[in-house]
Amino acid sequence: MHLPPVGLGTMGIDDPDAIAAALAVGYRHLDTARIYDNEDVVGGGLAAGLTANDAARDGVSRDDVTVATKLWIDDLGPDEVGPAARESADRLGVETLDLLYVHRPRGDYDPETTLPALDRLREEGLVRNVGVSNFEPAQLDRAIQVLDAPLAAHQTELHPLFYRPELLEHAREHGYTVVAYSPLAGGRVREVDAVRAVAEAHDATPESVAIAWATAKEPVVAIPKASSEAHLCANLAAAGLELTDAEIASIDAVEHEEELFPE
Ligand SMILES: NC(=O)c1ccc[n+]([C@@H]2O[C@H](COP(=O)([O-])OP(=O)(O)OC[C@H]3O[C@@H](n4cnc5c(N)ncnc54)[C@H](OP(=O)(O)O)[C@@H]3O)[C@@H](O)[C@H]2O)c1
C-alpha cells in the first residue's frame, strides 16, 4: 500500500470544509476512527472535495484518496467486526475502506477471532488493506502470523517526545508502513529545545521540523491534524524539508517519555 509522506489526522475536526480544503491543497490520505465520532464529517468533506476538484484540470478521483478508519475496542468481536465496518463505510459514504485498523488491542480484541473477521471483509471487498494501531512487537508478530492479508500499516504515537525505534525496526523487517500519529505531540513540539534549535537553523517552524524528522525515518508517514489552510499547507510541505543526519540525531536524543495516549 502506498501512502504519501503526510496525511491528515482528523480527530477533533467537525467541519467538512476542512476536509475538502485538505483535498484541495493536496492531501490524499484521510485518517479517522469510529471513536472520533466524525466519520460523517470526513465523508461529507470527501464527497465535497471530490466534486469540487473533479472539475479542475488536475481533478482528484476517489481512487487517489486513501480513506482510513478504525474499529473501536467494542467492535472487535467476530460478529461485530463486519457490521461495524459497514456502518463506518456508510457514514464515510464510501463503498470500500482503503485501510481499516484495529484501534487498540483491548476490549473484545482476540487475534484468533478478530483478525479472521477482518480477512473476510477483505475477501468480500469492503476493506482493501488491514492495519493495527497501538500494538507492541509481540502483538504485531501474532497479528502477522494470524492474518491472511499482509499487515499494511501499524499506526503508533511517534513524535520527538515519544519515539520507539524498535517499532520502526519491526516494520522494516516485516515490510509494513508505520503511520506516525500525534506527530506534533498535540502541539507540544514547540516546547522541545532540540526541535526549536533545528527549526531556527532552517528558518522553519518546530512543527515543520517534527514532521520532517518523522518522515525522514523509514518506513514512516505522518498524519498531523490541522484545521486552518495555513497549517494544512505548511504540514504538507514539511516533508520536503531536509534535515542533516546530525540534526536528526539531536532530536532522536531527546528524552522520550511524554506518551500522550498511553494504554
Ligand atoms: N491511533 C490512535 O490511537 C491515535 C491517537 C491519537 C491521534 N491519532 C491520529 O493522529 C492524528 C494527529 O494527532 P493529534 O490530533 O493528537 O495531534 P497532532 O497532529 O500532533 O497536533 C495537532 C495540533 O497541532 C496544531 N497544528 C497543526 N499544524 C500546525 C502547524 N503547522 N503549526 C502550529 N500548530 C499546528 C493543530 O492545530 P489546528 O487544528 O488549529 O491546525 C492541533 O492543535 C489525529 O487527528 C488522529 O487521526 C490516532
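Me: Hi! Are Tyr-163 and Trp-213 buried or exposed?
Reply: Both Tyr-163 and Trp-213 are buried. Buried means under 20% relative accessible area, exposed over 50% and partly exposed in between, with a 1.4 Å probe and protein chains only. This is a predicted model, where local features need pLDDT of at least 70, side-chain atom pairs count only at pLDDT 80 or more, and totals for chains, interfaces and linings use all residues. Residues are numbered from 1 along each chain as its sequence is written, and side-chain values use heavy atoms, with hydrogens and water left out.

Me: Okay, and how many aromatic pairs does the structure hold?
Reply: There are three. Rings of Phe, Tyr and Trp (its six-membered ring) pair if their centres lie within 6.5 Å; planes under 30 degrees apart count as stacked, over 60 as edge-to-face and the rest as tilted. One of the pairs is Tyr-109 with Phe-135, which is edge-to-face at 5.3 Å centre to centre and 70 degrees between the planes.

Me: Where do Tyr-109 and Phe-135 lie?
Reply: Tyr-109 is in the loop between β4 (99–102) and α4 (111–124), and Phe-135 is in the loop between β5 (130–133) and α5 (137–146), so the pair ties together parts 26 residues apart in sequence. Helices (H or I, at least four residues) and strands (E, at least two) are DSSP runs, numbered from the N terminus. Tyr-109 and Phe-135 are both buried.

Me: Back to Tyr-163 and Trp-213: why is the pair edge-to-face?
Reply: The ring centres of Tyr-163 and Trp-213 are 5.2 Å apart and their planes stand at 80 degrees, so the pair is edge-to-face. Tyr-163 sits in the loop between β6 (151–157) and α6 (165–174) and Trp-213 in helix α8 (residues 206–215), 50 residues apart.

Me: New topic: which residues line the largest cavity?
Reply: Tyr-163 turns up again, with Thr-156, Glu-157, Leu-158, Arg-164, Leu-167 and Leu-168. On a 1 Å grid over the protein atoms alone, a cavity is a set of points where a 1.4 Å probe fits but cannot get out, and a pocket is an open set with protein on both sides within 12 Å along at least five of seven lines; lining residues have an atom within 4 Å of a point.

Me: And what volume does the largest pocket have?
Reply: About 640 Å³, where a volume is the space filled by probe spheres set on the grid points, joined across faces, edges and corners. The lining has 33 residues, with Met-11, Ser-182, Gly-186, Pro-224 and Lys-225 nearest the centre.
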